[in-house]
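User: I would like a close look at one part of this model, the place where the two chains meet. Please take the surroundings into account as well.

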Amino acid sequence: MDFNDTPEQAAFRKSAADWLAANVPTKEETEGLNRLQIAKLWQKRKYDAGWACIGWDPAYGGRGASAIEQVIWKQEEAKYDVPASFFVIGQGMMAPTLMAYAQPQHLERYLPKLASGEEIWCQLFSEPAGGSDLAALRTKAEKDGDEWVINGQKIWTSGAHYSDYGCVVVRTDPTVPKHKGLSYFFIDMKSPGIEIKPIKQLTGESDFNEVYFTDVRVPDSQRLGEVGQGWQVSLTTLMNERAAIGAGSSGVNVNLAIQLAKEVMIDGKPAIEDSAVKARLANFYVEEAGLKFTSYRTLSALSRGDIPGPENSIGKLVGAPKMQQLASFCMDLLETSGAIWDTSRSKLADNIIGSYMGAPGLRIAGGTDEIMTNIIAERVLGLPQEPRMDKGIPFTDVPTG
Amino acid sequence: MNFEFSEEQQMLRDQARSYLTQHCPTTLVRRVLNNRETHDADLYKGIAEMGWTATTIPEEYGGLGMSHLELVVIAEELGRACAPVPFSSSVYLAAEAIMALGTEAQKQAWLPKLADGSAIGCFALGEAGGAVTPDQISTSIADGVINGTKVPVADGGIADVAIVVCKSDGGDGATLALVDLGQDAVAKDNVQMIDFSRGHSELTFNGACAEVLGEEGAGWAAVESLMNSAAILFAWEQIGLADKALEQAREYALGRFAFGRSIASYQAIKHKLAKMYVKNTLARSNAYYGAWALNAGASDLAVAAATSRVAAIQASLFAAEENIQTHGGMGFTWEFDCQFYYRRAKLLSLAVGSEKQWQGRLVDGLAASA
């Protein structure tokens, strides 16, 4: 066990840090650009220099970096305020699924442009009738010659409005039990018959969408996995999703809360000297550090060749509620001023209140807290599933409401 | 970077687990607890013969000269087994203190005996209720003579040597004393604790002979430093215990049926066990870092120790408490083993500073470096 860099790792860290220092876009370069444009500019620059998706095969634009090198890179890049969230779904979730199931010519065609940020991908899974019970989805695809014709509706599709491609799970056989009748495709988001409608969130922003499919045609060659194997393929995506979302450490953190607690007063003394404040901060730190070191341990497993397993659910399960509670705690420290959401009056407002307002979404996206807890109970601890009313019966006979 | 125990350390773990499965079954813990014995002397002898008591003691003093990474592996297994032995007092506290502070003569006198288990050490800090600070200590040492009373002292009744925290008028307010307990001027009185399988005592020093350990007036800094390493070593025992309690709860829930199905299929139980798993995992990951920081003498050792300790206290108490709850009425009986973990978890959570104390130390450490 050694939490320090080896000489090779230290050298790698230095070369990453040097390159970042010289190449992170300057204020002048990003003047007048929106976040998406800045993200694309930065991603392409990294790609051209060999710093994008560094864990991937060089044939697809990576540099075959080890799991540990990927962490080092992330640690160094995190020192800068550069946007990356636009590519998380494509690079973190769709790409591993493509690598597991797509044909070689597809990998050559799509992965380099995913790595360079020139093409953005989205994930079309959830439906109005299938959220936590994802396999209850109803969007259907029917075979027509060498093509499939898709009809139905997806929801909560992050980034559908700026995505070039998407992965979609659909029902290809409603006469068999729900998990057995699904198939998985990737599609061109500009295909005729796709209609995208933004959903306004409680934050006022619109990050995700409803996506309607009306006679959308997709070639059979864009199917990933066998017909009827869509659920297994989806699980590959979902496990990578939990790893990708859990690893994100944006928003408030204990360090920021400590700075704040040093500045504000309780009973005439800095809040940081209050024992109740200390107890809360310590508990948040135990979770924050515990998650960080858990992710390091996972990396050691991944670098031995393990694939992300259900134990990765812990990152999101702990990280999302912690973000909500820590943001709420920071607001409490500020008393009434904690509710000010105006960056001209409070420089921390965007970070703290942004975290508080965004956290409810994070606790739901990619599997709710409750689903994550079930995954740990059933797939890590091996406890039995609750009785399922739809088990073993044809999807068409499943009661709905 | 490498975030795993080595193959040799894993082998040591397997060896420790299989030894304790054979030589420290729950029937042994039950016997010690039923009879309110101070410890199981044969088990401690066996453990010493395995070399565990000698792990981090340097070879020139009869030890194995291994690292703390090996010691935490053993600590975890002792925690799992709820072993009724004075290992923590003798190894994590007394031996660590003498290694860190002892003169050559003091090391020669005690380390070989602590290493081979022929002597047992203990650590005497508190005198009354509440958090201990130097100004609350009245035990004193002057001209090689110690006076005062310490209570409760883990393993004080069976120990041969004690590290005693005394007051000091100068310096940081404390001086450590090394006291041979085999003298008439030391009185030992049993103190029954929440965990009947771990003997504790009140030690009274009536003008007993004592030597200063370390520098006079630098005792409190020494205690704080000793507490950092102890916090990490205790944390691994607590994690072993917490995992065992989770396994016990899981096994019982799977086999217990209510309303026509296994209670392990109800979300109320599944989520409880998943929450135990989450707490145990966070505690283990923090203790990984703690173990490394201790071994490497990292600059953030104080924060790493406090993080390990707070996480381990929370995980072990939760697991021990909810293990009983999962068992229902049977968990509350004397007959079931759940009580071992409940008693031991609470005792360990108070052994080297409470959760509240360590939360304070953690945040003070973070605030100082932020």
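How many residues of chain A are in contact with chain B, and how many of chain B with chain A?

Analyst: The model is predicted, and what follows should be read as a description of that prediction. In it, 42 residues of chain A are in contact with 36 residues of chain B. On the side of chain A that touches chain B, the elements giving two or more residues are helix H8 (254-263), helix H9 (275-303), H10 and helix H12 (369-380) of chain A. H9(A) supplies the largest share of that side, 16 residues. Sorted by class, the side of chain A that touches chain B holds 24 nonpolar, 11 polar and seven charged residues.

From chain B, helix H11 (residues 355-369) belongs in this picture. The buried residues of H11(B) pack against H8 and H9 of chain A, together with helix H7 (219-255) and helix H9 (301-327) of chain B. Those buried residues are B:Trp358, B:Gln359, B:Gly360, B:Arg361, B:Leu362, B:Val363, B:Gly365 and B:Leu366. H11(B) has 15 residues and reaches 21 Å from its first C-alpha to its last, close to the 21 Å expected at 1.5 Å a residue.

Chain A has its own helix H11 (residues 349-362), and its buried residues pack against helix H10 (313-333) of chain A. H10 of chain A is also among the elements that give two or more residues to the side touching chain B. The buried residues of H11(A) are A:Ile352, A:Ile353, A:Ser355, A:Tyr356, A:Gly358, A:Ala359 and A:Leu362. At one of these, A:Tyr356, H11(A) bends by about 30 degrees, and a proline, A:Pro360, follows within four residues. The end C-alpha atoms of H11(A) are 19 Å apart, which agrees with the 20 Å that its 14 residues should span at 1.5 Å a residue.

The domain assignment of chain A gives domain 1 (7-116), domain 2 (121-234) and domain 3 (248-380). The C-alpha centres of domain 1 and domain 3 of chain A lie 25 Å apart.

Elsewhere in chain B there are strands to describe. Strand E7 (residues 200-209) of chain B pairs with E3(B) in the antiparallel sense over eight bridges, and with strand E6 (residues 186-191) of chain B, also antiparallel, over six bridges. B:Asp189 has B:Glu202 in E7(B) as its bridge partner.

Strand E3 (residues 145-154) of chain B contains B:Pro152. The peptide bond joining B:Val151 and B:Pro152 is cis, with omega about -10 degrees. B:Asp155 lies in the loop between E3 and strand E4 (161-167) of chain B. Phi of B:Asp155 is near 60 degrees, a positive value in a residue other than glycine. B:Asp155 counts as buried because it has 25 C-beta neighbours inside 10 Å, where the threshold is 20 or more.

A positive phi is also found at B:Arg36, about 50 degrees, although this residue is not a glycine. B:Arg36 sits in the loop between helix H2 (26-34) and helix H3 (41-49) of chain B. With 11 other C-beta atoms within 10 Å, B:Arg36 is exposed, whereas B:Asp155 is buried.

Definitions and conventions
Residues are numbered from 1 along each chain as its sequence is written. Chains are lettered from A and ligands numbered from 1 in the order in which they are written. This is a predicted model: local features need pLDDT of at least 70, side-chain atom pairs count only at pLDDT 80 or more; totals for chains, interfaces and linings use all residues. A residue is buried if 20 or more other C-beta atoms lie within 10 Å of its own, exposed if 12 or fewer, and partly exposed in between; C-beta atoms are placed from the backbone. The expected span of a helix is 1.5 Å times one less than its number of residues. The bend at a residue is the angle between axes fitted to the seven residues ending there and the seven starting there. Two residues are in contact if their C-beta atoms, placed from the backbone, lie within 7 Å. Ala, Val, Leu, Ile, Met, Phe, Trp, Tyr, Cys and Pro count as nonpolar, Asp, Glu, Lys and Arg as charged, and the others, Gly among them, as polar. Two strands pair if DSSP finds at least two bridges between them. Domain bounds come from an automatic or database domain assignment.
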